[in-house]
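Dear colleague,

Please find below the structure that I am handing over to you, together with its sequence. My findings follow directly after it.

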Amino acid sequence: MAAVNLLDFDLAGLTAFCESLGEKRFRATQLFRWVHQHGVSDCAQMSDLAKSFRDRLSTTCEVRVPALLSEQASADGTIKWLFDVGGGDAIETVFIPEDDRGTLCVSSQAGCAVGCRFCSTGHQGFSRNLRTAEIVAQLWFAEHHLRRRLQLPEGVRAITNVVMMGMGEPLQNYAALLPALRVMLDDHAYGLSRRRVTVSTSGVVPMIDRLRDDCPVALAVSLHAPHDALRDDLVPLNRKYPLAELLAACERYLAAAPRDFITFEYCMLDGVNDSLAHAAQLVDLVQGRGARAEPLPCKFNLIPFNPFPASGLVCSPRERVKAFAAVLQDAGIVTTIRKTRGDDIDAACGQLAGEVQDRTRVAERRSGRAAIPIIPADVPPVRAPAQQVLERPAR
């Protein structure tokens, strides 16, 4: 019988597992701390557990991390790891160091089925969802590997922020994502605050509502277009969950969110979505003009497009990005232009690809796909119907 991977459990799951072995509940907390806080993978070294329990764990359990295939370091300090998750698939994880924090970009799937036009992962197609253990293992490895490498004192974290922005659409792997998030947040494990764990989604509306109810962390939405006509092509999921439904879900999410705003990611594509008219349409979309009852509290991250082979797209010129940002800022919307990190090792936003045994035949389907249409600037933005927008309680 295959050994149980302890990284598959949140604390509640580990408690149930320990009870199934005839152990008391507090043993699960002790075991959880050994694995996540101390990074111990050898049960024999868990000194405050009864020897009989350690012996049983050693024969039934393990802490199994996907094999590390490679590590690349960028000139700016960014590190990218490639992990073998079996079956010919490999995933990528990225560490981004900054003066006041260390951010880990974590993958949730081998490939991605959403197929956004500007994303290298989407061009690889989709193989499978990752298990909870494979998601958590990326944090487990990075945290304890970096602690040793940087010789950090006991209690000092290497990873202060986690963003579920690696390979895959996290909300399409919700069953594995939810316990992984709970491990990240648990004070007996990594103790990250809800504000410092971000789930990025292309707009899986029903699962945004589930996340709000089950484990509300910071939410980032890949928007990339101010109206459905363009977003249908850039983000194909929009055809199922159009902007009106997506913005209504964002409004509902704010009632439980750890931050009082939603972050919108917007990839700047030359001649596609970067005109001043597009910027003005974004202002209309989020500021409560027309059918919307009130402005949607939000901030925008403008992301310079990071080219990759076969995309057929070009990054917007720097001056146009700045002019685009100025339109949003002049309307009172907090807007930042994201600094590109790790692009010299293909670790920047949208560049993660890994190795994917595509089961969706995306290359075959894309071969006959037309180029992105140029949408006239006067196409009106879509606004959430007033009846779909819920009032936010005062904070």
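This is a predicted model: local features need pLDDT of at least 70, side-chain atom pairs count only at pLDDT 80 or more; totals for chains, interfaces and linings use all residues.

The protein contains twelve helices and 14 strands. It has 395 residues, of which 57% count as buried. Its accessible surface amounts to about 16500 Å², and carbon and sulfur atoms contribute 51% of that area. Among contacts with a separation of 6 or more, 69% are between residues 24 or more positions apart.

I then examined the pairing of helix α6 (residues 174-185) with helix α7 (residues 205-214). Their axes come within 12 Å and cross at roughly 30°. Angles under 35 degrees count as roughly parallel, and α6 and α7 are therefore described as roughly parallel to each other. The crossing of α6 past α7 is right-handed. On the α6 side, the contact involves Tyr 174, Leu 178, Leu 181 and Arg 182, which meet Met 207, Arg 210, Leu 211 and Asp 214 of α7. Five of the residues in this contact are nonpolar, three are charged and none is polar.

Finally, I draw your attention to Leu 246, which is located in helix α9 (residues 243-253). Leu 246 counts as buried because its relative accessibility is 0%. Leaving aside residues up to four places away in sequence, Leu 246 touches Gly 203, Val 205, Ile 208, Val 221, Leu 223 and Arg 231. The C-alpha atoms of Leu 246 and Gly 203 are 6.2 Å apart, although 43 residues separate the two in sequence.

With kind regards

Terms used. Residues are numbered from 1 along each chain as its sequence is written. Side-chain values use heavy atoms; hydrogens and water are left out. Axes are lines fitted to C-alpha atoms, for helices over the stretch in contact, and angles run from 0 to 180 degrees between N-to-C directions. Helices (H or I, at least four residues) and strands (E, at least two) are DSSP runs, numbered from the N terminus. Angles under 35 degrees count as roughly parallel, over 145 as roughly antiparallel, 65 to 115 as roughly perpendicular and the rest as oblique. A crossing is left-handed if the near helix is turned anticlockwise from the far one by less than a right angle, and right-handed if clockwise. Contact means heavy atoms within 4.5 Å. Ala, Val, Leu, Ile, Met, Phe, Trp, Tyr, Cys and Pro count as nonpolar, Asp, Glu, Lys and Arg as charged, and the others, Gly among them, as polar. Buried means under 20% relative accessible area, exposed over 50%, partly exposed in between (1.4 Å probe, protein chains only). Accessible areas come from the Shrake-Rupley method with a 1.4 Å probe; for residues, only the protein chains shown count as cover.
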